[in-house]
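Student: I would like to learn how to read a few features in a model of this kind. Can we go through them one by one?

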Amino acid sequence: MRYHGPDSLQKGVFQLTKKRHNNSPISKNQLIDLTITGLSHEGNGVGRYGDMVVFVSMAAPGDALRVKIVKVLSTHAFAIIHAILTPSTHRIADDCPVYSRCGGCSLRHLSYDAEITVKSGWVTDNLRRIGGVVLPMDAPLPSPHSARYRNKAQYPIRRVNGRLCAGFFARRSHALVPVTDCLLQPAIFSAITAAFLSFLESHDIEPYDEADHSGLIRHLYLRRAGATGQVMVCIVVNGAAVPHEEALVAALLAAYPDIATVVLNTNRRRDNVILGDHQRNLYGNGTISDILCGVKVTLSPASFYQVNREAAENLYQKALEYADPGPDDILLDLYCGTGTIGLSMAARVGHLIGVELAGSAVRDARLNAAQNGVANAAFIEADAGDVLSVAGERPTIVVLDPPRKGVDKGTLEAVAAMGPKKIVYISCNSATLARDCAILAALGYKAVKAGAVDMFPRTAHVEAVALLEQVL
Ligand code: SAH
């Protein structure tokens, strides 16, 4: 096993080879001292003990620690902090009482400056190591806000030790960690949630119990449109109705006039999917409106929407800068969702084509185009892999914004076969972005610019964007 990480925030990357440690120098429950030299892409501190790499949760690069080993595997071990011997200069006091238990954040103990440097380093390293892309990277774009930046929360509602609670599941678990005020969410979400729980309590309305599929209230799903302030309350239930619906709506509206709509969603399934297929509006029309890069967007509970609106504007701005379109360009927005990226560029291009698999998102994209008076766009419901046959026109610029697994090879081949002069690739997983850059390189597209854009402060997630140009 080799650890390839110098003592810097920029290069916290490591590689584990398959060499086995039959004489493992450490064992479970042992206390050892080590210095943290980098951060894994999951946000764990990385240290070295003899020949072993040790991953330590909530550790910061530069920390000198006494850690307790909790798991030893053939190539590496996991540990928790027993004592901080000398804190890293990048360490800050974590300010959330459930940080160690909740599955949401992993980097609250780091200064935001250090977090940005680390995340940009992850993108650079993945591009180099997996994609063979070596570039002077653009300066990373931090999120305009590192606290309360989210516009969407889906709180499971459960009974914990007899008490009715909202919260989040612990990492890799369905054990509810009660959370009264998540510091990533707008403060109004905490207030609405508290009022909702107290209504349930006073009307003896039971939460869902996964063990026997009993109880009514599964999730409280809240969304807030940053530009308009409108709030959507969506109550997900294991049934068709909530007792005292009118009184519930009246209580919420009286206290929180920003609530623009209240929706009841029925989900009787036993799986982990949050929303069911059926919904009924208890108040308002079931949607709220936001503005993203000047585009008016209508959001229903099921619509995909970037959770950090202001950082998404940074991301789209960067994508526009990379695309640098003109009136003769035909822009293909592949994996377009509700069309927001393409629509934000529509005024600059001759024609916009959006392709997206989810029918509801395509309908939203068409509605968004219409309500913004965009007349040069067409949105097509199709698998990205079929783009050659459905796109109609040959695009000159392609924007790719796939899910975490990236773009499959056949789709990349189809994109390259259309011969666009530029590909702007937006990714929430720089490992698959890097893999796809390598495939595109073999298809005649060279990465010429790239950078990290942070949309998810305090978590181990980061967006990356790359510009690839056709090599003639
Ligand atoms: N560009 C949009 C959405 C990106 S999320 C935005 O910024 O808001 C990725 C999108 O890819 C989702 O809307 C998902 O439904 C879509 N998708 C996933 N697999 C797909 C496929 N095989 N073909 C087309 N679209 C797909």
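Student: Is cysteine 165 buried or exposed?

Tutor: Buried means under 20% relative accessible area, exposed over 50%, and partly exposed in between, with a 1.4 Å probe and protein chains only. Cysteine 165 has a relative accessible area of 3%, so this residue is buried. Before going on, note that this is a predicted model, in which local features need pLDDT of at least 70 and side-chain atom pairs count only at pLDDT 80 or more, while totals for chains, interfaces and linings use all residues. Residues are numbered from 1 along each chain as its sequence is written, and side-chain values use heavy atoms, leaving out hydrogens and water.

Student: How many disulfides are there?

Tutor: A disulfide is a pair of cysteine sulfur atoms within 2.5 Å. By this rule the count is zero. Cysteine 165 is in none, the nearest cysteine sulfur being that of cysteine 102, 13 Å away. For cysteine 437 the closest cysteine sulfur is in cysteine 428, at 14 Å, which is too far for a bond. Cysteine 437 is also buried, at 3% relative accessibility.

Student: Cysteine 437 is in helix 9. Which other residues of helix 9 are buried?

Tutor: Helices are DSSP runs of H or I with at least four residues, strands are runs of E with at least two, and both are numbered from the N terminus. In helix 9 the buried residues are Ser430, Thr432, Leu433, Ala434, Asp436, Cys437, Ile439 and Leu440. As a general idea, an α-helix has 3.6 residues a turn, so residues three or four places apart point the same way. The cover over the buried residues of helix 9 includes helix 1 (112-129), helix 8, strand 19, strand 20 and strand 21 (463-470), where contact means heavy atoms within 4.5 Å.

Student: Which residues of helix 8 are buried?

Tutor: Helix 8 (residues 409-417) buries Thr411, Leu412, Ala414, Val415 and Ala416. They pack against several elements, among them strand 15 (330-334), helix 7 (387-390) and helix 9 (430-442). Just after helix 8, glycine 419 has a positive phi of about 65 degrees.

Student: Which residues come nearest to the ligand?

Tutor: A residue is near a molecule if one of its heavy atoms lies within 4 Å of it. Of the 15 residues around the ligand, Gln306, Tyr316, Glu356, Ala384 and Asp401 come nearest. A side-chain N or O atom of glutamate 356 is 2.6 Å from a ligand oxygen. A backbone N or O atom of alanine 384 is 2.8 Å from a ligand nitrogen.

Student: Where is asparagine 308?

Tutor: Asparagine 308 is in the loop between strand 14 (295-299) and helix 4 (309-323), and is buried at 1% relative accessibility. A polar atom of its side chain lies 3.2 Å from the backbone nitrogen of alanine 311.

Conventions. Polar contact = N/O pair within 3.5 Å; in protein donor to acceptor, adjacent residues only side chain to side chain.
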